[in-house]
Amino acid sequence: MTNFIDLVIQDLIKREENLSNLKFVFPSRRAGLFLKKSLSKYIEKPIFSPRTQSIDEFVEELSGLKSITVENLYIQFYEVYKQQTPNKLIEEFDSVLGWVNTLLNDFNEIDRYLIDPDKIFNYLKDIKETEHWSIGEGQTEQIKAYLKFWSLLPKYYKGLNESLKEKELGYPGNIYREAVENLEYYIDSVAEDDIKHVFVGFNALNKAEERIIQEILNNRLGWIYWDIEESFLNNPLHDAGHFIRNYRNAWPYYQKNRDFHWTTNSYSIPKSIEITGVPKQIGQIKYAGELIQKLLIQNNSLEDTAIVLADETLLLPLLNSLPKDVGPINITMGIPLSTMPISDLFEILLIVQKQHKGTVYHRLLKQVLNHPLIHLLFENEILTKAVIEINKGNKTHLKVSEIMDLFPNDKNIPLLFDDWNGSIRLGLIKFQKLIFLIREQILKSNIQDNITLECLFRFHTIFNKIQGLIEPFEGFNNLSSLIGLYKELIKNETLDLKGEPLNGLQIMGMLESRVLDFRNVIIVSLNEGLLPAGKTDNSFIPYDVKRNLGLPTYKEKDAVYANHFYHLLYRSEKVHLIYNTDVDALKGGEKSRFISQLEFEGIHTLNHHTISHNTPAYPKELREIEKSEEILEALTDLATSGFSPTSLTSYIRNPLEFYYQKILKIDEFEDVEETMAANTMGTVIHHTLEELYKPYTNKILAIRDLESMVSKIPETVMIQFKKHYLDSKHLYGKNLIILEICKRYISNYLKKEQKSIEEGHKIQIVALEEPVEMILTIPSLGFPVKIKGYIDRIDLCDGVYRIIDYKTGKVTQTQLHIKLWDDITTDYNRYSKPFQILCYALMVNHKFAINQMEGGIISFKNLGGDYFLKFGKADEDKPTLKDYLITEETLKNFKNQLENLILEILNPDINLVEKNI
């Protein structure tokens, strides 16, 4: 394959040009390496290599200015901003960081397109004043400040340029403007040295680049080689030829019948293009890895093969998806530092400091402790134990001393969590110590983690930069400034990967593909919104103003991407276009308009594929645990120590869940309870009622007793809240609402009880939170079985004993009715509550020898007319008739069912089988 750079060299040799006196200028630096590779194919004798530069390097040389770093540009702008802005309108540095990037982008465009700054800034000021003109009431202070900002833009622009010029520095835009100013002097100097310029592979030029290139061409100091398909150039509607078509028609250079180099017909040669839709971002990457494997098998090499990522955040997943024998790789894009784990660590630590008021929020604390790099500083067992203790302590905010108690004698905790007390310098010193500490642990562990080590070095450099700005710059007076600058810096920093620049597989972004040609091309994430990017415009300048002044809009940016896309196809032989079909994905689901354009053109054979992940529907296999000797021994110990009604209903619900909780002793995951959980709320209500009723045990309740209890609700609830919800000092938000709900539930219940007494019912409290137990002697078992529990309340109502269980959830009367005794130990959802009530009744009968009683539930979410919801046994023949008394016959029938359930649990031949719930 003869690529574009080869064609340029062949033409220059044909012209008999002295290659050593040429200066090649490319859109990007990378193309210069390929030029030198191509030269080696055509040069037969040693020569001095021609000079190669990117357009940015060339323009910087032309301007005589040195490019300023991002962080210093922000600082310089803020100094100018403070000088030019009235004192009462000056914002803090961290606030300015929110909009300065947009403004500096506009400064760049104004300069690159050689727009008169006074003209455009005055125009913008007039537009804003017109928008806020009012015939009615005067302008508010906010509107006046807003309009003042627009009137100050010329001063900001002029002040920044003057400040930078004094230091011989510049930002990209004003470097271009200065280069145009110096153009005449530069042309005179290179004419004397007989240096010729070769501009190669350009497409979209800004006005400054146009002026520079035209002047060099007009003075016969060089040539420009375009690479454009003839059909695109001649089609006024095709975006890929938009810019070059305008240059050919408008440049005076071409009006003098000078040759236009070059148009090609490479794209028009029919090609077979594979277009594949794959769900999910990772799905695309995996598929690209499979294509690379196939190309490697077919060709034994990946020379002239490129993967182009429209979404550059997919670089790391791609590297992990390539075959192991892929061979040499060259990566021209960097990994954004913001995507690396270490950036998360420092951001979390900065947030810890921002929220630090003598304590550390538990979620931030656990995020730090669970970070993979922090695991290098502590043993995993210590970290795990610390997190468990934090959860058990149920404190949302912990003092540093409390954190240190979790890590006795460890010196790293203050480094991570000590309050900086507003000292940015102290914080940066701590960060640098942390970096060296992590680096030391990586080196000690002999883990080959060069990427993390390189990241540590880059963050060390970033914090050094920031530290160097602190003393001369007064804007660093709070943590928000540090956090804002930190985010801006890592957003623009990348971790550059070194590879084989000219050999093997090439991995690049769209911009790096300019000028270069590849035989095999794979483009990933060819979706609308990514390629082209669409209507994304980070600018203060309105669209219509840009159009009038010749500044680029999203339409011109779409044309840029169109040229890059089609150029990749010019000399390719195998093309794979991959897009994301997942409609739920951000910028996914809709294939790029470029694919539709290929279909409309009808030049190439397009093979469409859609790949879907085969996810077979496996039926859920219910797990089964055989009762080994160890399990039977544990079950026997549990039976002799005592089954609770809750544990028995757990078995009815799901034997496997019973096995995990009661045999393996696996508790549910425990986390810090920021919002009071339902079970904690139930505990508070239960214990509050116990405290309120306790003074009236064994006496008939009077109305004045209930009134006294109602008056004590707020105080008693708060006492119980503090006892059972440890972090009670953070009583706000949802917790405050839940606390009020607890009070309301209890108040409503006591008022119901008061109304019952007013209606003539006599209520006497017999016991509260009463512990009960009994021994079951089952003949077929060789040991006694105990059941035990606590009853919330036993009372006498009109001479009838009542067993009462409190429930904070909603319970209805029908949930307490049973018809067939055999169902009570098989259907958890319908009969778990009657099962528990009868368990308590059986134990009460054993302890107090009460032959007849009622049992039921007080549901605080269902305090209707008959608020005591009673257990009832329906007649099999007449299901509407219910017997609400728990008699000896009822207990006898239930006891038979209970014994059968216990025999099943302890039967060695019946496995513990999972239920599908």
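**Exercise 1. Two helices, α16 and α23**

At what angle do the axes of helix α16 and helix α23 cross?

*Solution.* The model is predicted.

Step 1. Locate the helices. α16 spans residues 341-354 and α23 spans residues 479-492.

Step 2. Read the geometry. The two axes come within 10 Å and cross at roughly 165°.

Step 3. Classify. Angles over 145 degrees count as roughly antiparallel. That makes α16 roughly antiparallel to α23. The crossing of α16 past α23 is left-handed.

Step 4. List the contact. α16 supplies S343, F346, E347, L350, Q353 and K354. They meet L479, S480, L482, I483, Y486, K487 and I490 of α23. By class, this contact of α16 with α23 holds seven nonpolar, three polar and three charged residues.

**Exercise 2. A salt bridge**

Which residue forms a salt bridge with K465?

*Solution.* Step 1. Search the whole structure: 40 salt bridges turn up.

Step 1. Pick out K465. Its partner is E493, with the closest N and O atoms 3.5 Å apart. The cut-off is 4 Å.

Step 2. K465 lies in helix α22 (residues 450-470), and E493 in the loop between α23 and β15 (494-495).

**Exercise 3. A four-stranded sheet**

What is the strand order of the open sheet of four strands?

*Solution.* Step 1. Write the order: β2-β1-β5-β6, with parallel pairing.

Step 1. Find the edges. β2 (51-54) and β6 (222-225) each have a single partner strand, so one side of each is left without a neighbour in the sheet.

Step 2. Neighbouring strands are turned by 20° against each other on average, direction ignored.

Step 3. Inspect one pair. β1 (residues 22-26) runs parallel to β2, joined over four bridges. F24 has T52 in β2 as its bridge partner.

Step 4. α1 (residues 4-14) lies across β1, β5 (196-200) and β6. α1 runs at about 150° to β6.

**Exercise 4. An oblique pair**

How far apart are the axes of α30 and α33? Classify the packing.

*Solution.* Step 1. Take the helices: α30 covers residues 678-693, α33 residues 734-758. Their axes are 10 Å apart, at an angle of about 45°.

Step 1. Classify. α30 and α33 are therefore oblique to each other. The crossing is right-handed.

Step 2. Name the contact. From α30 come M681, V684, I685, T688, L689, L692 and Y693. From α33 come I738, I741, C742, Y745, I746, Y749, L750 and E753.

Step 3. Sort the residues of the contact of α30 with α33: 13 nonpolar, one polar and one charged.

Key
Residues numbered from 1 in each chain as written. Predicted model: local features only at pLDDT ≥ 70, side-chain atom pairs only at ≥ 80, totals over all residues. Heavy atoms only, no water. Axes fitted to C-alpha atoms, helices over the stretch in contact; angles between N-to-C directions. Parallel < 35°, antiparallel > 145°, perpendicular 65-115°, else oblique. Left-handed = near helix turned anticlockwise from the far one by under 90°. Contact = heavy atoms within 4.5 Å. Nonpolar A, V, L, I, M, F, W, Y, C, P; charged D, E, K, R; others polar. Pairing = 2+ DSSP bridges. Salt bridge = Lys/Arg side-chain N within 4 Å of Asp/Glu carboxyl O.
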